[in-house]
Amino acid sequence: MQERLQVLVLDDEPIVGKRLQPALAKVGCDVEVFDAPGPALQRVAAKRFDIVVTDIRMEDIDGIEVLEDVLERWPTTKVIMITGYATVEVAREAMAKGAFDFIAKPFKPQELRDVIARAAEALGFAGIERAAADDPA
Amino acid sequence: MADNPAAFPDAAPEVPDASSVERAFLRRPSIGIRARLALGFLSFIVFAVAVTVGAWIMLSRLERRLRFLEVADRYTMEIQQARRFEKNYFLYGGNLQDVQEHIANARRLLVAVAPDAAEVVASAELGKMRDHLGRYETLIARLVARDGAHASADRAERPAIEAELRDHGSQMVAFALELAEKERASVNATLALFKRLPVAFLAFLLMFSVVVANFLARQIVGPLSRLMATTQRIAGGDFTPLMPLRWYRDEFSTFSVALNTMMRELARRQEVLVQSHKLSAIGTLTSGVAHELNNPINNITLTAEMLKEDYGSLADEERLDMVNDLVVQGARAQKIVRNLLDFAREGEITTERLDLVEVLRQAASLAANQIKLSGAKIAIDVPSNLPAIHGDRQSLSQVFVNLLLNALDAVGKGGHVSIAAGTSREPGYVQVVVSDDGRGIPAHVLPKVFDPFFTTKSRGKGTGLGLSVSLGIVRQHGGDIRVESAPGRGSTFTVLLPAAMVPGLTENDAQATRPSASKPSRPV
């Protein structure tokens with residue numbers, strides 16, 4: 001039995017977390033969901049996540065700050081950015097600051113799973129993607 | 001420009017149809033400037049001709065007088081000659097033939113001169129003269145007859161005839177001398193008049209020239225200064241057509257018609273500018289809307305995908321929750337798009353009673369995504385009991401969107417923008433103050449910010465039409481926009497709009513009660 005992937009999802013749209021939780025849990029992730037950056041960063045301070053998925057554009061603290069904060073604390077954590085619309089500058093800035101990848105809204109759950117699978121592979125986890133495809137549940 | 005009342009057209013001006021104004025111009029009889037100038041000079045010519053003809057008539061009359069005077073002198077001479085021969089006859093007893101000859105000459109002269117003499121002496125006197133002459137002739141004839149018949153001559157008769165002859169003779173001489181004297185006096189009077197005439201003519205000509213020149217100058221300068229005032233009014237944004245003021249038309253009327261055409265074109269172009277700037281504002285808003293739209297779409301995608309994926313394994317209430325989310329997010333997307341579409345719709349300008357609060361709320365919600373994207377903080381302070389205004393909802397919301405977007409541009413991330421509405425210190429006006437704590441506007445640029453195509457933004461980012469178009473719209477509503485700014489201390493734009501007076505009053509009533517003395521003026 002493989003260790004489960006620890007994932008934090010941060011998006012100020014509550015529905016995003018609500019839907020991604022079961023979607024990612026199905027492929028072997030332990031998912032914690034936040035819809036405000038403050039509590040999410042507090043949680044990050046307390047626990048190391050393998051993967052952090054964060055929206056870029058949020059009310060108080062934006063995703064770039066979250067990215068910086070997470071990487072400062074956990075340099076090995078893979079951070080995946082969600083953007084409202086992918087612009088070159090935002091993507092370049094995120095990548096330059098060490099984001100693993102970014103995904104543009106609107107996206108399908110499977111698209112995020114694919115990115116997470118790649119991140120997991122980079123981290124040494126295996127089988128996330130396959131698990132998603134194979135697991136009939 | 002600030003004290004130009006034309007810069008503040010009424011909120012709903014009774015703008016007459018331009019083509020009907022043009023017809024009104026063309027209906028008037030044409031009296032051109034050229035015709036008036038020609039008329040002025042013609043009056044001079046007529047005057048000169050009249051003076052010439054008058055002088056000619058008087059001169060020819062004078063000529064006749066002189067001729068008459070000559071005749072009168074000759075007549076006097078003939079009479080005097082006759083009397084001299086008569087005296088000789090009585091003293092020395094000569095013959096009377098010479099007397100008769102001279103008298104006959106005198107009679108011929110009298111007959112010849114009669115028509116002219118009537119001017120100088122009364123016809124009764126002339127008749128008396130003729131009587132004297134006749135009587136003298138008769139007496140001379142009797143003397144001649146008496147001398148011919150010596151024998152039967154009555155000696156006593158001769159002195160009586162002599163006395164009578166003397167009497168008539170002296171009277172004739174006196175008459176003739178008086179006639180000549182009178183005539184001479186009359187000729188002298190005429191000559192004196194002729195001496196004064198050129199001076200009088202010159203004086204009159206001088207006065208007449210001054211009057212005509214003055215009249216012509218007024219005819220040209222008056223309309224010119226009116227046209228000049230109109231161009232200033234146009235520069236202030238007032239495109240009310242010129243109305244005919246006179247009962248006739250001339251070159252200035254043609255010019256006015258051309259000016260009206262130009263104003264119509266300008267007004268049309270202004271509309272095009274408003275519309276094209278709106279398109280650019282829509283472009284800016286669209287990026288925000290697109291971003292905002294992604295959220296509900298993303299929610300829908302995720303929810304729908306998961307519903308499809310897990311359909312079989314989900315509990316009924318979970319499925320219901322997901323479907324509900326779909327419905328709610330669908331409505332959210334619709335609302336975002338509808339707001340923008342309302343703004344973008346190219347509608348007729350309709351004046352209606354408006355709640356300013358609602359207009360501001362609409363503008364703020366249109367810019368909401370931009371606000372979110374810019375990372376600026378916005379504070380809205382709008383009292384709910386604000387007086388209503390009259391105006392076009394779309395245009396006014398365009399004004400406030402413009403001001404908001406400008407403020408957001410100026411502050412950038414972490415800046416503050418505030419919208420405060422309230423009654424203005426200008427009586428009868430409502431004001432909306434949009435202020436920011438952004439970089440501010442340098443003093444040398446401040447007077448230009450309302451100029452069309454003036455922009456401080458980089459090429460391609462701003463059209464330079466926002467403030468110009470906004471001011472145009474607000475002026476059409478009878479209001480004004482004022483700006484205060486200092487570099488580094490942010491900018492404050494104050495939009496003044498006339499308040500609708502009392503509920504139920506028509507627009508005209510509201511205008512009638514609007515204080516006109518306190519119209520606001522623009523400090524820039």
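A salt bridge is taken here as a side-chain nitrogen of Lys or Arg within 4 Å of a carboxyl oxygen of Asp or Glu. In this predicted model, 35 such salt bridges are present over all chains. One of them joins A:Asp11 to A:Lys105, with the closest N and O atoms 3.3 Å apart. Because A:Asp11 lies in the loop between β1 (5-10) and α1 (14-25) of chain A, while A:Lys105 lies in the loop between β5 (101-104) and α5 (109-123) of chain A, the pair ties together parts that are 94 residues apart in sequence. Both A:Asp11 and A:Lys105 are buried.

In chain B, a salt bridge is formed between B:Asp250 and B:Arg36, for which the closest N and O atoms are 2.4 Å apart. This pair links distant parts of the chain, 214 residues apart, with B:Asp250 placed in the loop between α5 (157-235) and α6 (251-309) of chain B and B:Arg36 in helix α2 (residues 33-92) of chain B. B:Asp250 counts as buried because its relative accessibility is 4%, and B:Arg36 likewise counts as buried, at 8% relative accessibility.

A further salt bridge brings together the side chains of B:Glu164 and B:Arg135, at an N to O distance of 2.5 Å. Here helix α5 of chain B, which holds B:Glu164, is linked to helix α4 (residues 123-148) of chain B, which holds B:Arg135, the two residues being 29 residues apart. B:Glu164 is partly exposed, with a relative accessible area of 26%, and B:Arg135 is also partly exposed, with a relative accessible area of 31%. Salt bridges with shared partners also connect A:Lys18, A:Arg19, B:Asp321 and B:Asp325 into one network.

Conventions
Residues are numbered from 1 along each chain as its sequence is written. Chains are lettered from A and ligands numbered from 1 in the order in which they are written. This is a predicted model: local features need pLDDT of at least 70, side-chain atom pairs count only at pLDDT 80 or more; totals for chains, interfaces and linings use all residues. Side-chain values use heavy atoms; hydrogens and water are left out. Helices (H or I, at least four residues) and strands (E, at least two) are DSSP runs, numbered from the N terminus. Buried means under 20% relative accessible area, exposed over 50%, partly exposed in between (1.4 Å probe, protein chains only).
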